[in-house]
Amino acid sequence: MPGLNASRRTRSPVPVIVVAGFLGSGKTTLLNHLLRTAGASGNRLGVLVNDFGAVNIDALLVSAQADGTVGLGNGCMCCTVDADGLEDALLSLVRPSAGIDAIVIEASGIAEPKALIRMVTAVADPRLRYGGLVYVVDAANIDRVRAEHPEIDAHIAIADLILVNKVDLISAEDRRGVEELVAHLNPTAARVPTEEARIDPGLLFDVDEAAPDEPRSGQLTLDELLLEAAGHDHHDHLHAGYESVSFSSGEPLDPRRLARFLERPPAGCFRIKGVVHFDVPRYRQKFIVHGVGGFLRIAREPWDGARPSTELVAIGRGMDREDVLAELWEAVARADDPEDPNGILSVLRHVPE
């Protein structure tokens with residue numbers, strides 16, 4: 001859809017995606033997969049991994065990768081696990097020279113996801129936005145893990161996207177049982193069954209399908225190293241993609257009704273992006289929306305001569321397309337709507353000061 005994918009020269013806020021899951025669920029496997037597939041498309045990932053050791057995929061030279069741990073020629077840059085330390089690490093990854101398209105935090109297996117979400121969403125820098133909690137479930141061992149660590153249920157319940165991983169290791173009947181359990185614990189999150197945590201990275205962040213503008217020089221970076229090891233087969237036989245629902249309207253939207261949709265996205269929706277037009281005095285600018293789960297970041301820009309309109313895309317898995325479109329059409333402003341002078345406040349509260 002035109003206008004929704006920012007180029008490298010006019011960059012949107014970089015999504016910060018938190019990957020959590022119990023020990024052995026497949027978090028590092030997911031990270032390696034994302035590095036391979038994103039790197040093949042010319043995208044750059046920044047990574048905070050293993051108790052927040054910061055790894056700038058473009059800036060640091062890779063010497064080895066073994067046993068699921070990233071080995072760096074000059075060691076890891078570490079920060080303490082607090083809000084200030086996390087913010088410093090994130091900001092070090094989004095300097096313009098790095099050209100980072102997304103940042104992935106691989107949390108340790110014993111991390112508390114809610115605390116990580118609070119720290120990421122507390123970062124006020126406009127170059128960053130929260131990109132969601134991806135929770136990796138070990139479908140082959142979920143019963144044992146839940147019995148030993150009952151807090152796992154609460155972690156699943158707050159996830160924005162759930163990977164039901166290792167489905168190739170269990171029977172079809174057991175897989176249905178795990179998916180039903182996950183749906184019971186979190187009925188609204190998008191759920192993706194995976195083998196070896198293989199998902200399309202386009203579900204998590206905007207992927208540039210074009211080849212990199214310029215060839216890379218110097219020593220191999222981590223994504224190139226992984227590509228070489230995989231024989232450049234970056235398609236990776238993805239077993240589950242994603243679906244998107246597009247909505248366009250030349251009519252202005254009602255801010256209160258749209259905010260209700262964005263704050264409570266439909267079941268199966270992982271993220272929402274696009275531009276919105278409101279016909280509200282003093283607020284007729286272009287509103288740029290980035291939403292994941294119930295977390296929103298909205299910015300305002302001039303239309304620069306373009307005709308005001310609304311273009312939104314909902315991205316996820318398991319969404320009901322007709323329900324999504326029906327809710328969005330319901331948000332279109334109507335001539336008989338009563339005056340609502342405070343309705344715009346429901347949108348403005350998501351615009352950083």
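User: Buried means under 20% relative accessible area, exposed over 50%, and partly exposed in between (1.4 Å probe, protein chains only). Which residues of α6 are buried?

Analyst: This is a predicted model, where local features need pLDDT of at least 70, side-chain atom pairs count only at pLDDT 80 or more, and totals for chains, interfaces and linings use all residues. Residues are numbered from 1 along each chain as its sequence is written, and side-chain values use heavy atoms, leaving out hydrogens and water. Helices (H or I, at least four residues) and strands (E, at least two) are DSSP runs, numbered from the N terminus. In α6, the buried residues are V178, L181, V182 and L185.

User: Why do they lie on the same side of α6?

Analyst: The arc is taken from the directions from the helix axis to the C-beta atoms. They share a side of α6 because their arc around the axis is only 95 degrees.

User: Which exposed residues does the opposite face of α6 carry?

Analyst: This face of α6 is turned away from the buried side. Its exposed residues are A172, E173, R176, E180 and H184.

User: How many aromatic pairs are there?

Analyst: Rings of Phe, Tyr and Trp (its six-membered ring) pair if their centres lie within 6.5 Å; planes under 30 degrees apart count as stacked, over 60 as edge-to-face and the rest as tilted. By this rule the count is three.

User: What is the angle between the planes of Y130 and F295?

Analyst: Y130 and F295 pair edge-to-face, 4.8 Å centre to centre. Their planes stand at 70 degrees.
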